[in-house]
Amino acid sequence: MKNINTDKLLNTIIYSFVVVIWGGSFLAIEYQLGLVHESTSIFLRYIAASVILFLVCIILKKPMFSFPLKSHFYFFLIGLFFFSINYLLIYKAQNHLTSGTAAVVFAMCLFFSQINSKIFLGFKLKLKTTVGGIIGIIGIILLFNNSIFSEQGEYNKLLGLALMLIASYIVSIATVVTAKINLNKIPILQANSWAMIYGAIINLIILIISNNRITFDPRPSYWISFFYLVIISSIIGFILYFLLVKRIGPEKSSYFAIMSPMVAVLISLVAEDLQVTTTLIGGVFCVLLGNFIAIRNKK
């Protein structure tokens with residue numbers, strides 16, 4: 001009994017760290033915006049994260065060069081969707097949205113993951129997924145009702161909403177690829193190390209094509225947030241999440257994506273003076289409830 005209680009306490013601690021770490025990452029991104037182009041910040045973030053994670057794998061004596069070409073194709077897709085295009089859209093979206101609002105919209109990736117699991121993996125689409133998606137969409141409408149229905153229209157916010165929804169859909173595709181990796185029993189730590197390397201390479205190519213120079217932001221806030229995103233969010237966050245999946249399974253672990261937006265909203269209320277309104281409360285509640293219903297397992 002003592003061991004069971006100790007395991008539950010440890011699981012709760014790990015889960016709480018994951019929720020807080022990734023909930024805070026949306027605010028950290030806000031401090032990356034301004035002087036440095038988004039593609040530069042993302043490239044610097046993942047070249048640093050990939051090198052560190054690769055060295056961690058080497059130190060832990062994890063096999064890194066024995067994966068077949070098919071596995072590297074999966075690594076490339078995760079690098080493309082999760083560590084490149086996804087974050088480029090998120091960074092651009094957060095030029096127009098508060099970190100809390102962006103995090104809530106991003107929670108729709110859970111609903112999109114259910115849809116893509118049906119399309120690409122042949123999973124059965126259940127009624128709860130449809131109901132959850134409809135409730136989530138109602139929540140989005142509540143959150144952005146002033147931008148959608150006002151005569152003047154806040155087009156910047158609508159652009160941010162569109163970019164965030166596209167990012168959440170792209171992440172849902174990366175989730176499907178991750179499921180394929182799990183089915184093939186590829187070690188997640190090495191998989192993400194290679195995926196980050198490919199993501200960094202893709203980000204460099206985007207940087208070159210877009211003719212953006214690598215510039216540096218002298219503000220301390222930029223480098224504090226950079227340290228947070230590289231070490232705490234990209235390295236520690238992922239390692240803790242993989243440990244959590246191993247301990248309690250992927251279904252229960254996925255609920256972090258519902259809790260993290262709540263943390264992001266609370267942080268945004270303090271750090272960004274996010275205005276508390278009935279539509280904000282109703283919108284957040286509907287989005288998170290809809291996703292909870294969509295991924296809920298009765299068992």
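Analyst: Gladly! Helices, of at least four residues, and strands, of at least two, are DSSP runs numbered from the N terminus. Please keep in mind that this is a predicted model.

User: How many helices and strands are there in the protein chain?

Analyst: Reading from the N terminus, the elements run α-α-α-α-α-α-α-α-α-α-α-α-α. That pattern goes with a count of 13 helices and 0 strands.

User: Why is the protein chain as compact as a globular protein of that length?

Analyst: The C-alpha trace spans about 60 × 55 × 40 Å along its principal axes. For 299 residues the globule rule gives 19 Å, and the chain is close to that, so it is as compact as a globular protein of that length, with a radius of gyration of 19 Å.

User: What share of the contacts with a separation of 6 or more comes from residues 24 or more positions apart?

Analyst: Contact here means heavy atoms within 4.5 Å. Among contacts in the protein chain with a separation of 6 or more, residues 24 or more positions apart account for 89%.

User: Is serine 233 buried or exposed?

Analyst: Serine 233 lies in helix α10, which covers residues 220-248. Buried means under 20% relative accessible area. The value for serine 233 is 2%, so this residue is buried.

User: Which residues is serine 233 in contact with, leaving aside its neighbours within four places in sequence?

Analyst: We are still in helix α10, the place of serine 233. With the neighbours within four places in sequence left aside, the contacts of serine 233 are Ile21, Trp22, Ser25, Arg45, Tyr228 and Phe238.

Conventions. Residues numbered from 1 in each chain as written. Predicted model: local features only at pLDDT ≥ 70, side-chain atom pairs only at ≥ 80, totals over all residues. Heavy atoms only, no water. Rg over C-alpha atoms; globule rule 2.2 N^0.38 Å. Buried < 20%, exposed > 50% of the residue type's maximum accessible area, 1.4 Å probe, protein only.
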